[in-house]
Each structure stands twice: as structure tokens, then as C-alpha cells.
Amino acid sequence: MSLLIHKAGIQDRFHDKGRFGWQHVGINPSGAMDCMAMQIANALVGNDTEVAVLEFSFPAPLIHFKQSALLCLAGADFGAMLNGKPLSVYQPFIVVEGCVLSFTKWKTGSYAYLAVHGGFLLHKWKGSYSTNLKVNAGGWHGRKLKKGDEINFKTVFSKITEARTLPWLANTSGLSFSKEKIRVITGSEWNWQTKASQKIFTKHSYKVTKESDRMGYRLKGEKLSRQVKDELISSAVSFGTLQLLPDGQIIILMADHQTTGGYPRIAHVISADRSAVTQLRPGEVFSFEVVSLAVAEEAYLAQSRWLQQLASGSRYQLKANDLIA
């Protein structure tokens with residue numbers, strides 16, 4: 001036994017980058033909402049960046065540790081405490097048997113991640129450890145965590161004798177995205193809007209509504225109108241697709257999106273800005289910026305280079321401190 005859920009949060013479940021290659025049979029990719037945060041947490045504990053992590057929101061779980069481990073938190077900040085002492089997000093830490101990880105208050109963001117060096121012992125389904133609640137597969141028995149669940153780690157740190165935080169953390173300013181301005185590329189049905197609506201889309205702000213979840217974020221803003229009234233044949237959609245709804249409002253499809261949709265796809269959030277969108281909360285306001293495919297590609301490559309540098313630097317520090325082989 002390695003990790004005991006003493007008190008469950010509202011949606012604690014395990015995810016990796018997702019389950020790909022199955023949309024043609026109606027199985028969506030799912031995966032972590034904030035893949036960048038997931039990858040950062042893994043990099044900081046010396047894992048491959050695609051190792052499955054624990055994803056949770058606030059209220060968050062209360063966790064007891066039954067053995068030593070190297071871990072890291074990333075994404076949202078829920079006021080983490082280790083044995084009553086504050087923990088920073090994006091800073092690796094070590095626990096020993098008897099340590100307690102708690103979360104005291106919401107500070108920023110919507111989804112937080114906990115990675116452990118070596119990963120968790122989980123159930124794989126169709127090539128992924130991501131939890132699919134609809135079919136009860138993947139992750140931890142295909143469900144959310146509940147009080148009393150015990151999850152084992154794959155790696156045991158027998159040399160560790162005391163809990164502590166490590167003296168380095170990730171500087172996420174290098175990720176270069178903003179929650180106030182979300183970049184998108186135009187979609188296949190962009191020109192189904194009127195010219196006036198296209199201008200409204202880029203010049204007005206949108207608010208995330210309470211009707212938002214892992215499947216999609218519903219937005220509230222100036223209504224958009226269509227000049228093409230044709231019915232769209234149900235077509236493929238992806239994480240970050242912006243659909244124009246019949247009432248003139250927008251929904252951003254998220255990690256648990258359906259595999260196809262019949263609403264016009266007016267735009268797509270660029271990969272580099274998905275993390276920013278994911279961490280928006282109901283009531284937060286932002287605007288869109290339409291960019292070229294070249295800009296989207298360069299932003300993605302810049303983030304990939306940053307992540308590679310972080311992973312290399314983390315492995316160097318962990319080896320230098322005799323924490324990993």
C-alpha cells in the first residue's frame with residue numbers, strides 16, 4: 001500500500017495524455033484536461049511526460065502516504081499543505097510513511113495534478129490509463145476515487161528518511177500564454193458566420209458559465225449569427241473545437257468531448273493555449289485572437305522545447321542529489 005485516500009474530492013481520477021485511435025468507433029480520447037500541467041509534473045519528478053497522474057478539482061482529496069515517494073503538484077493552486085506546512089505548485093517534494101497531503105483553499109485554476117516518480121499502478125484500457133467513466137474502464141477501476149482507496153506506486157524510495165521540499169521549481173513564464181487572450185485558428189465553418197459576427201468574435205469578451213465541465217465549456221457573450229443556414233452533417237471534432245450553438249453562443253469542447261458534432265466549427269483553440277482555457281473558472285472573462293497556422297505551430301514548438309529543457313534540467317538535479325538512478 002502506498003497512497004490512501006482518507007477523504008475524496010469531487011472528481012479525483014487518473015489520466016494520461018489520452019486514448020487515441022478509437023474515435024471512429026465512438027470512443028473519445030479523454031485524457032488530462034491540462035496536458036501541459038500533467039507533463040510538467042511528470043518532468044519535475046523524472047518521469048516520461050506521458051505517465052498517468054492524479055487529476056483533481058476543488059474540493060480536493062485528503063491523502064495519507066504509506067511509503068516514501070518523490071512527488072510534484074502542477075496546474076491549479078488549491079493551497080496544498082504537507083503535514084501542515086505549505087507546498088508550492090511546480091516544486092517537487094518528498095514524503096515518507098505517515099505524511100499527510102491536504103488542500104486548504106482555492107487560489108487559482110480549475111484542475112490540479114499530482115505526479116509520483118515511477119508512476120501509479122493502474123489499469124490500462126485500449127492503450128491508455130485515462131479514466132473513462134461512461135464504460136468504467138482505465139485509471140483506478142474506471143471510476144472516481146473514493147474514501148478508503150489504496151493506490152500503489154511503481155517505485156519505492158527506500159533511501160529516503162525525511163519529508164522535505166526540493167530547492168528548485170519550474171519557471172512557467174516560459175510557456176507564453178495568457179488566460180485573458182485565447183488564440184484560435186479558424187475552423188471549417190468560419191465563413192458560415194456573417195461578417196459582422198466574425199468581427200464580434202474577435203472584439204468582444206466571453207464569460208465561462210456554470211454549465212461547463214470536462215466535456216465542454218459553455219460561454220456567454222454577444223450572440224453570433226449565421227449567413228449559411230444549411231444543416232451540417234455530423235463531423236469530427238477535437239479538444240479545443242469551438243462550436244456555434246443555435247442560440248448564437250459558443251461552446252469550447254474539452255477533454256471528454258463527443259467524437260462528432262453537428263454544430264458549425266467556427267474555430268479551434270491552438271494546442272499551446274489549451275492549458276490556459278482549461279484553467280479558466282466559471283465567471284472568468286477572456287477574449288479570442290485569431291492567429292495563423294504558422295503562429296500556432298511556432299507556439300507549440302516553443303512549448304515543446306521549453307518542456308524538453310525542463311525535463312533535462314530536472315533529471316540532472318535529481319541525479320545530482322542522488323534521488324534517481
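**Entry 1: Asp256**

I looked up Asp256 and found it in the loop between strand 18 and strand 19 (260–261). Helices (H or I, at least four residues) and strands (E, at least two) are DSSP runs, numbered from the N terminus. The model is predicted: local features need pLDDT of at least 70, side-chain atom pairs count only at pLDDT 80 or more, and totals for chains, interfaces and linings use all residues. Residues are numbered from 1 along each chain as its sequence is written, and side-chain values use heavy atoms, with hydrogens and water left out.

I then listed the contacts of Asp256, where contact means heavy atoms within 4.5 Å. Neighbours within four places in sequence aside, Asp256 is in contact with Arg13, Asn28, Ser30, Arg214 and Met215. I also checked Asp256 against Phe65: they are 191 residues apart in sequence, and their C-alpha atoms are 30 Å apart in space.

I found Gly261 in strand 19. Is Gly261 buried or exposed? Gly261 counts as buried because its relative accessibility is 6%. The term buried means under 20% relative accessible area, exposed means over 50%, and partly exposed lies in between (1.4 Å probe, protein chains only). With neighbours within four places in sequence left aside, Gly261 is in contact with Leu232, Ile233, Ser234, Ser235, Val237 and Gln243. For Gly261 and Val237, which are 24 residues apart along the chain, I noted a C-alpha separation of 6.4 Å.

Next I looked up Gln193, which lies in the loop between strand 13 and helix 2. Gln193 has 0% relative accessibility and therefore counts as buried.

**Entry 2: The barrel**

I traced a closed barrel of seven strands in the order 13-20-17-18-15-14-21, with mixed pairing. The twist from one strand to the next averages 40°. Two strands pair if DSSP finds at least two bridges between them. Strand 13 (residues 181–186) and strand 20 (residues 265–269) run antiparallel and are joined by three bridges. Which residue of strand 20 is the bridge partner of Thr186? I found Ala267 in that place.

Helix 2 (residues 195–203) packs on this sheet. Helix 2 touches strand 13, strand 14 (205–212), strand 17 (241–244), strand 18 (250–253), strand 20 and strand 21 (285–290). The direction of helix 2 makes about 125° with that of strand 21. Axes are lines fitted to C-alpha atoms, for helices over the stretch in contact, and angles run from 0 to 180 degrees between N-to-C directions.

I followed six strands that form an open sheet in the order 7-6-9-4-1-11, with antiparallel pairing. The edge strands, strand 7 (85–86) and strand 11 (150–151), each pair on one side only. Strands of a sheet pair through backbone hydrogen bonds, either parallel or antiparallel.

I then examined strand 9 (residues 100–103), which pairs with strand 6 (residues 80–82) in the antiparallel sense over three bridges. Here Met81 stands opposite Ser102, and Leu82 stands opposite Leu101. Strand 4 (residues 62–65) also runs antiparallel to strand 9, joined to it by two bridges. His64 stands opposite Val100 in strand 9.

**Entry 3: Helix 1 and helix 4**

I noted that helix 1 (residues 35–44) and helix 4 (residues 293–320) pack at an angle of about 25°, with axes 8 Å apart. The two helices are therefore roughly parallel to each other; angles under 35 degrees count as roughly parallel, over 145 as roughly antiparallel, 65 to 115 as roughly perpendicular and the rest as oblique. Met36, Gln39, Ile40, Ala43 and Leu44 in helix 1 meet residues of helix 4 including Trp306, Leu310 and Leu318.

Why is helix 1 described as largely enclosed by the rest of the structure? The reason is that nine of its ten residues are buried. These buried residues pack against strand 2 (13–15), strand 3 (53–56), strand 5 (69–77), strand 10 (108–116), helix 3 (274–278) and helix 4.

**Entry 4: The nonpolar cores**

A nonpolar core is a set of buried Ala, Val, Leu, Ile, Met, Phe, Trp, Tyr and Cys residues joined through side-chain atoms within 4.5 Å. I found that the largest has 89 residues, and that Ile40, Leu114, Phe201, Ile252 and Phe288 have the most contacts inside it. Another core, of five residues, lies apart from it, with Ile270, Ala272, Ala296 and Ala299 among them.
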